[in-house]
Amino acid sequence: YRGERVELVIGDGNVIREFVTINRGTGDGGGITRLGNRNWILAYSHIAHDCIVGDDCVFSNNTTLAGHVSVGNQVILSGFTGVHQFCRIGDHAFIGMGAFVNGDVPPFLMVAQEKYARPRGINAEGLKRRGFDATRIAAIKRAYRALYMGDAKLDEAKTELGEIAANSNDVREMLDFIEAGERPLLR
């Protein structure tokens, strides 16, 4: 820190529990750490410098974000989750307990721990709770199967996602997220 202007911006309606640490931005990293609205940040969680967190997220106890992490809206990070620096987590994702996330997690995915976190399906229950109908969920499931369940290379899977996205804004969001990535896709 060399005296440059840096900020921590916290939105409205957040619940921030005991022993949580949230660092302000850094001069070299954009200068701002931002926490959106209506988030639950539970005990002992940590949000490092230059992170951007959306709205309506839940960070269970001991969740840790390294610097420059971006978390979308309505994301759930279960207890003892760790997210590597510069990773992105898309809207409506669910990260299971103890997962170490070291790559981008597309919207709607559910991720669980083995050695490193890996996709285990879509967050169907969370999507239902948020009013996603069966047609929307089915399109997201088709996209998940194309991306994660076949032997297709990433470029081939993205082509198939493009075809599904022609009739699904949700899959379009997923594909746009993947295309914008600078880190490897969690796969």
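The charged end of Arg136 sits over the ring of Phe132, at 3.8 Å from its centre; a charge counts as over a ring if NZ of Lys or CZ of Arg is within 6 Å of the ring centre and within 35 degrees of the ring normal. This is a predicted model, in which local features need pLDDT of at least 70 and side-chain atom pairs count only at pLDDT 80 or more, while totals for chains, interfaces and linings use all residues. Residues are numbered from 1 along each chain as its sequence is written, and side-chain values use heavy atoms, with hydrogens and water left out.

Across the whole structure, a search finds 3 aromatic pairs, where rings of Phe, Tyr and Trp (its six-membered ring) pair if their centres lie within 6.5 Å, with planes under 30 degrees apart counted as stacked, over 60 as edge-to-face and the rest as tilted. One of these pairs joins Phe108 to Phe132 in an edge-to-face arrangement, with 5.9 Å from centre to centre and 70° between the planes. The two residues come from distant parts of the chain, 24 residues apart: Phe108 belongs to the loop between strand S15 (100–101) and strand S16 (109–113), and Phe132 to the loop between helix H1 (124–129) and helix H2 (134–149). Helices (H or I, at least four residues) and strands (E, at least two) are DSSP runs numbered from the N terminus. Phe108 and Phe132 are both buried, a term for under 20% relative accessible area, with exposed over 50% and partly exposed in between (1.4 Å probe, protein chains only).

Contact here means heavy atoms within 4.5 Å, and axes are lines fitted to C-alpha atoms, for helices over the stretch in contact, with angles from 0 to 180 degrees between N-to-C directions. Elsewhere in the sheet, strand S11 (residues 76–77) and strand S14 (residues 94–95) run parallel and are joined by 2 bridges, with Ile76 opposite Phe94.

Beyond its neighbours within four places in sequence, Val111 is in contact with Phe94, Ile95, Gly96, Val105, Ala117, Arg118, Pro119 and Leu186. Between Val111 and Ala138, 27 residues apart in sequence, the C-alpha to C-alpha distance is 18 Å.

The other open sheet has 5 strands in the order S1-S4-S7-S10-S13, with parallel pairing. S1 and strand S13 (88–89) are its edge strands, each pairing on one side only. Strand S1 (residues 7–10) is joined to strand S4 (residues 32–35) by 4 bridges, and Leu8 stands opposite Thr33. S4 in turn is joined by 2 bridges to strand S7 (residues 52–53), where Ile52 faces Arg34. The pairing continues from S7 to strand S10 (residues 70–71) over 2 bridges, in the parallel sense, and Ile52 stands opposite Ser70.

The largest nonpolar core has 47 residues, of which Ile47, Phe59, Leu65 and Val105 touch the most other members. Such a core is a set of buried Ala, Val, Leu, Ile, Met, Phe, Trp, Tyr and Cys residues joined through side-chain atoms within 4.5 Å. Two or more residues are given to this core by each of S16, S17, H1, H2, helix H3 (154–165) and helix H4 (169–179), and H2 supplies the largest share, 7 residues. Not counting residues up to four places away in sequence, Leu65 touches His46, Ile47, Ala48, Cys51, Val53, Phe59, Val71, Leu77 and Val83.

Most residues other than glycine have a negative phi. Phe86, however, has a positive phi near 65°; it lies in the loop between strand S12 (82–83) and S13, and counts as partly exposed because its relative accessibility is 43%. His92 also has a positive phi, of about 65°. His92 is placed in the loop between S13 and S14, and is buried, with a relative accessible area of 11%.

Definitions and conventions:
Pairing = 2+ DSSP bridges.
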